[in-house]
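Hi,

Here is the structure I promised to pass on to you. Have a look around first, then read my notes below.

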Amino acid sequence: KLVNRDGRLFFKMKSRLVEYNSKFLLYLASSVRDLSYPSDILRHISIINFQISPSAIGNALLDLVFCHDRPDLDEKHGILLQNILRDSVELTRLSERFLSALNNCKGVVIDNDEAVNTIIDTTKAIRDLQVQKCSSAETSQEIEKAREEYKPVASEGKSFFFFAQKLIRMNSSYILPYRHFIHYFKEGVVRAVDHKNLTNRVKCLCESVRYHLYKHVQRGLFS
């Protein structure tokens, strides 16, 4: 709690009053997974959780396996995302230009040739961008449908990662660093048996990923 003394702010630390500086920042790091603080403390702090979430690692693994198996669609997906972002920025710029032309117009709009031309050109450009946006959305749905087929592989790796993290509670020798996990996941993907049938290919990928991850982790298992 801050205390005002002659226009200066202090906070109480045990029996002492320490002058408060608004520019002072204190960073604390903890390995404790479940931290809990009283509500009066929570009002004055910001908590950042650096733990890897299941959805984040699932998406990362899906990107890895999809990039390996379908590099053509993965490249197309990257270009598509860039185009969507570019079009969104351009659409915002054109909308601002349209409103600016209306706000800055003096007198009747239809009597101002420059304002009318600007509005017509901007409206046409906005309409074209909206058409492109709809087309991009359809392409994005097709790519996402293809990515969905590889989700079982990502789920396999994700489940194994969090299973390995729980083993740490038993003994620190079970620690599986994230970069090592990604390395063995990639190894499992690369060495999986190729198959023309997508269903069988995904099954082979799951088995290969499971085998290579287990082969690494089991080295630290106690007999």
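Let's start with helix α2, where the buried residues are Ile57, Gly58, Leu61, Leu62, Val65, Phe66 and Asp69. They cover an arc of only 160° around the axis, which puts them on the same side of α2. Before you go further, keep in mind that this is a predicted model.

Helix α2 runs over residues 54-69, and at 1.5 Å a residue its 16 residues should span 22 Å. The C-alpha atoms at its ends are 22 Å apart, which agrees.

Next, have a look at helix α5, residues 151-167. This helix has 17 residues and reaches 25 Å from its first C-alpha to its last, close to the 24 Å expected at 1.5 Å a residue. Which residues of α5 are buried? They are Val153, Ala154, Gly157, Phe160, Phe161, Ala164, Gln165 and Leu167. Seen down the axis of α5, these buried residues fall within an arc of 155°, so they line one face of the helix. And what do the buried residues of α5 pack against? Their partners are α2, α6 (178-190) and α7.

Now for the charged side chains. Side chains of opposite charge can pair when their charged atoms come close. How many salt bridges does the structure hold? There are eight, and I'll walk you through some of them.

Take Asp63 and Arg147 to begin with: their side chains meet in a salt bridge, at 3.0 Å from N to O. This pair links distant parts of the chain, with Asp63 in helix α2 and Arg147 in helix α4 (residues 113-148), 84 residues apart. Is Arg147 buried or exposed? Its relative accessibility is 6%, so Arg147 counts as buried. Asp63, on the other hand, has 36% relative accessibility and therefore counts as partly exposed.

Arg147 also meets the side chain of Glu144 in a salt bridge, at 3.7 Å from N to O. Glu144 and Arg147 are three residues apart in helix α4, so about one helical turn separates them. Glu144 is partly exposed, with a relative accessible area of 33%. Put together, Asp63, Glu144 and Arg147 are linked in a network of salt bridges.

Another one to click on is the salt bridge where the side chains of Arg201 and Asp69 meet, at 2.6 Å from N to O. Here too the pair links distant parts of the chain: Arg201 sits in helix α7 (residues 198-217) and Asp69 in helix α2, 132 residues apart. Arg201 counts as buried because its relative accessibility is 5%. Asp69 has 17% relative accessibility, so Asp69 counts as buried as well.

In what order do the three strands lie? They form an open sheet in the order β1-β2-β3, and the pairing is antiparallel. β1 (2-5) and β3 (16-19) stand at the edges, each with a single partner strand, so one side of each has no neighbour in the sheet. From one strand to the next, the twist averages 45°.

Zooming in on the pairing, β1 and β2 (residues 8-13) run antiparallel and are joined by four bridges. Four bridges also join β2 to β3, again antiparallel. Phe11 is a handy residue for seeing both pairings. Leu2 stands opposite Phe11 in β2, and in β3 the bridge partner of Phe11 is Val18.

Most residues other than glycine have a negative phi, and most peptide bonds are trans. Where is Asp6 placed? You'll find Asp6 in the loop between β1 and β2, and its phi is positive, near 55°. With 81% relative accessibility, Asp6 counts as exposed, because the cut-off for that is over 50%. Then there is the hairpin of β2 and β3, which has two residues between the strands; there, Lys14 takes a positive phi near 60°.

Those are my notes, so over to you!

Cheers

Definitions and conventions:
Residues numbered from 1 in each chain as written. Predicted model: local features only at pLDDT ≥ 70, side-chain atom pairs only at ≥ 80, totals over all residues. Heavy atoms only, no water. Pairing = 2+ DSSP bridges. Axes fitted to C-alpha atoms, helices over the stretch in contact; angles between N-to-C directions. Expected span 1.5 Å × (residues − 1). Buried < 20%, exposed > 50% of the residue type's maximum accessible area, 1.4 Å probe, protein only. Arc of directions from axis to C-beta. Salt bridge = Lys/Arg side-chain N within 4 Å of Asp/Glu carboxyl O. Contact = heavy atoms within 4.5 Å.
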